[in-house]
2 protein chains.
Amino acid sequence: MKIEAVDFFYLSMPQVEDIGDGSQDALLVRVAAGGYVGWGECEAAPLVTIAAMICPMSHSACKPVLASVLGASLDSPADIARIHADVHQNSMDLLQADHALSGIDIALWDLLGQRYQEPVWKLLGYERAYPKTPYASMLFGDTPQETCDKVRATRERGFRVVKLGWGPYGKTTPEADRDQVLAAREGLGADGLLCVDAGTVWADDLALGEARLAALREAKVYWLEEPFHTGALHVYKALATLSAPIYIAGGEGAHNEHMARHMIDYAGVGYVQIDTGRIGGITVAKRVVDYAVQRGARYINHTFTSHLALSASLQPYAGVREHHLCEYPVELKSLAYDLTSEHLLPDANGDIQTPDQPGLGIAPDVAALRNYLVDAEIVVNGQTLYKTPAL
Amino acid sequence: MKIEAVDFFYLSMPQVEDIGDGSQDALLVRVAAGGYVGWGECEAAPLVTIAAMICPMSHSACKPVLASVLGASLDSPADIARIHADVHQNSMDLLQADHALSGIDIALWDLLGQRYQEPVWKLLGYERAYPKTPYASMLFGDTPQETCDKVRATRERGFRVVKLGWGPYGKTTPEADRDQVLAAREGLGADGLLCVDAGTVWADDLALGEARLAALREAKVYWLEEPFHTGALHVYKALATLSAPIYIAGGEGAHNEHMARHMIDYAGVGYVQIDTGRIGGITVAKRVVDYAVQRGARYINHTFTSHLALSASLQPYAGVREHHLCEYPVELKSLAYDLTSEHLLPDANGDIQTPDQPGLGIAPDVAALRNYLVDAEIVVNGQTLYKTPAL
């Protein structure tokens with residue numbers, strides 16, 4: 001097969017709020033080859049990512065991402081790996097390229113799955129997919145009471161693992177943060193697994209992270225996520241040395257395999273959190289899974305958007321039984337919920353199953369998405385390089 | 001002062017060739033505040049970088065770069081540092097943000113220099129600017145003879161240091177590469193300093209780099225640049241352990257301070273090469289200079305474009321006497337040459353002086369640039385988010 005068409009659809013809520021909720025817009029990717037269609041999603045700024053797909057060439061190592069994709073052969077996973085190598089060589093100086101490639105890669109795997117009538121995880125070499133225990137991923141409340149109430153409600157919905165992040169956490173005093181995490185623990189009950197996401201709020205200041213450790217231990221927090229910017233490897237490492245028994249987690253900012261390895265090798269994270277929609281897609285995420293297994297770190301998805309993105313994020317480690325937690329977004333905006341008509345719901349055990357159907361096993365709800373479609377147009381020297389296609 | 005306006009100008013040669021020459025287009029940035037104007041340049045894909053400046057917000061950590069710049073206070077270098085912190089917090093998930101910020105940062109420093117009638121290097125705290133020895137930066141010829149001839153011609157123009165890069169180097173056999181570097185040495189003469197740039201051609205394959213070391217030693221090469229992708233830190237380190245007396249150089253791909261530190265701390269480079277137009281501007285480059293000095297690595301600019309970019313790249317280490325080499329592009333396309341009417345030419349000693357005039361000490365030739373101005377327009381849901389402004 002040859003890749004005949006790659007289309008992007010910029011979707012958005014009518015109003016995007018100034019909150020840490022990444023489900024307010026989306027960039028959906030559709031790839032066509034040999035009569036098959038595959039879908040993917042970039043977890044990335046839609047307009048900038050579209051520009052990276054179609055921009056004019058600046059020089060031999062700064063070409064638009066599509067230059068390495070359109071017309072390429074696609075018959076096997078090896079073809080996808082070759083496309084990756086080409087994009088990295090031809091778009092090396094295009095910083096947004098990895099985010100753009102992510103959605104394309106996911107769509108290519110979905111398409112191969114349709115072609116061979118196999119789920120992606122089988123194409124990745126796994127013999128079976130193991131159930132994952134979902135953690136409900138949500139934002140801190142504005143007050144400890146609000147946090148307690150929302151965590152309690154989530155527990156009552158059946159979630160045994162909850163992660164709270166962003167909101168006020170880390171921005172004022174250690175005492176205020178203690179009140180928040182103890183309130184979360186109260187809402188969850190003593191036997192639930194509680195995680196905290198600091199959202200890089202302490203940049204690279206070790207002392208600010210260290211000052212929160214006592215309260216995190218008091219609340220029996222399982223992991224502390226993203227205390228620092230992704231690149232502050234030595235600061236991560238220093239905190240990881242002090243934080244036991246609390247794991248340090250991080251990696252969602254990784255936009256290539258190298259950065260994920262650095263989190264394991266130099267930052268000392270116990271959990272490496274990979275967003276398939278950012279790191280370069282399923283191909284790169286699978287390489288990180290293999291590396292994490294080899295190095296004794298635990299792999300986990302980062303997903304805060306649609307169930308298409310969720311399926312794509314589960315495929316890379318579906319077959320690794322020991323890495324059994326998964327992030328499960330529970331505060332989706334309607335766009336992210338409506339993006340697919342089917343959803344990956346917890347089973348009777350409260351677990352999430354990676355779909356057994358061909359490809360991602362879940363497809364966009366095209367009719368519903370027309371309500372969210374953003375009309376965008378990019379014109380350079382009189383030539384229309386992008387115009388939102390019909391959905 | 002408040003930042004009143006930030007404008008971007010996409011400039012391009014009429015034809016962009018598929019060669020490793022980054023001087024074929026440019027993104028010029030103009031900032032206005034308090035009656036002053038500053039200019040900067042992003043070493044980045046223009047269209048994608050413009051999109052990063054003006055894209056709609058996706059969520060609280062994925063805002064357009066301009067959201068943290070327009071209307072901000074600007075009276076001192078501390079204000080620029082605050083703008084950096086704001087961009088990193090508010091545009092964290094916008095991968096192209098650092099490339100966009102680079103040109104803005106340079107323009108902000110230029111503007112402060114106009115305001116206080118001081119060269120940027122004085123505002124950075126240096127008491128004087130030391131001359132730099134330029135190395136002529138050029139592409140390998142297609143054949144060893146062509147390489148020999150062009151290096152000889154460059155030597156005859158007075159350059160004592162030459163760096164050859166890209167072209168056929170590293171792509172076929174070690175024997176072919178040996179012929180190229182020996183031809184370069186022949187053209188340069190025994191007493192010149194010769195450097196080789198592999199342009200990341202060996203990705204992360206140590207053996208491919210190691211196989212070239214003998215010939216590089218035979219040609220008495222001073223440094224080997226970018227044998228691998230920027231992120232392949234452990235492979236860099238392994239080659240650096242084997243390469244003496246040849247230094248390993250790298251870092252042009254760094255788009256934040258962390259990545260530059262990783263090149264020093266984990267990759268073991270002897271020379272850290274920073275592109276002010278990519279890493280986040282003069283502010284971030286200066287932090288890398290300080291870190292390199294502290295860690296005993298040598299700082300050097302990466303510049304392959306205009307003399308506006310060249311001045312911006314010299315400012316961060318103008319006052320560090322011991323770090324005395326500088327990259328000096330000698331094969332500029334007319335756009336990059338015409339971008340400024342004045343140029344930083346070698347003095348009687350063959351050295352380059354960082355300008356002593358306010359700001360960058362060199363300004364765009366606006367009239368000449370009108371011939372290169374690209375007309376671009378970005379429209380989202382009927383709203384024009386960008387249209388090339390008048391120059």
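User: At roughly what angle do the axes of α1(A) and α1(B) cross?
Analyst: In this predicted model, the axes of α1(A) and α1(B) come within 8 Å. That crossing makes α1(A) roughly antiparallel to α1(B), because angles over 145 degrees count as such. The crossing angle is roughly 175°.

User: Which residues of α1(B) make the contact with α1(A)?
Analyst: The residues of this contact divide into 8 nonpolar, no polar and no charged. From α1(A) come L47(A), V48(A), A51(A) and A52(A). From α1(B) come L47(B), V48(B), A51(B) and A52(B).

User: Across which strands does helix α1 of chain A lie?
Analyst: Helix α1 of chain A covers residues 46-54 and runs at about 40° to β12(A). For α1 of chain A, the strands are β12 and β13 of chain A together with β12 of chain B.

User: What is the strand order of the open sheet of 4 strands?
Analyst: The pairing in this sheet is antiparallel. Its edge strands, each pairing on one side only, are β13 (383-387) of chain A and β13 (383-387) of chain B. Neighbouring strands are turned by 15° against each other on average, direction ignored. The order is β13(A)-β12(A)-β12(B)-β13(B).

User: How many bridges join β12(A) to β12(B)?
Analyst: Strand β12 of chain A, residues 376-380, is joined to β13(A) by 4 bridges, and there I378(A) has Y386(A) as its bridge partner. Towards the other chain, V380(A) has A376(B) in β12(B) as its bridge partner. β12(A) and β12(B) run antiparallel, and the number of bridges joining them is 5.

User: Which element gives the largest share of the side of chain B that touches chain A?
Analyst: In total, 48 residues of chain B are in contact with 48 residues of chain A. The chain B residues divide into 25 nonpolar, 16 polar and 7 charged. The elements giving two or more residues to this side are α1, α3 (97-116), α10 and β12 of chain B. The largest share, 5 residues, comes from β12(B).

User: How many residues of strand β2 of chain A are buried?
Analyst: β2 of chain A (residues 25-33) pairs with β1(A) (residues 3-12) in the antiparallel sense over 9 bridges, with V6(A) opposite V31(A). β2(A) is also joined to the antiparallel strand β3(A) (residues 36-42) by 7 bridges, where L27(A) has C42(A) as its bridge partner. The strand β2(A) is mostly covered, and its buried residues number 8 of 9.

User: Which residue takes a positive phi in the hairpin of β2(A) and β3(A)?
Analyst: This hairpin has 2 residues between the strands. The positive phi is near 55°, and the residue is G34(A).

Note on methods. Residues are numbered from 1 along each chain as its sequence is written. Chains are lettered from A and ligands numbered from 1 in the order in which they are written. This is a predicted model: local features need pLDDT of at least 70, side-chain atom pairs count only at pLDDT 80 or more; totals for chains, interfaces and linings use all residues. Two strands pair if DSSP finds at least two bridges between them. Axes are lines fitted to C-alpha atoms, for helices over the stretch in contact, and angles run from 0 to 180 degrees between N-to-C directions. Two residues are in contact if their C-beta atoms, placed from the backbone, lie within 7 Å. Ala, Val, Leu, Ile, Met, Phe, Trp, Tyr, Cys and Pro count as nonpolar, Asp, Glu, Lys and Arg as charged, and the others, Gly among them, as polar. Angles under 35 degrees count as roughly parallel, over 145 as roughly antiparallel, 65 to 115 as roughly perpendicular and the rest as oblique. A residue is buried if 20 or more other C-beta atoms lie within 10 Å of its own, exposed if 12 or fewer, and partly exposed in between; C-beta atoms are placed from the backbone.
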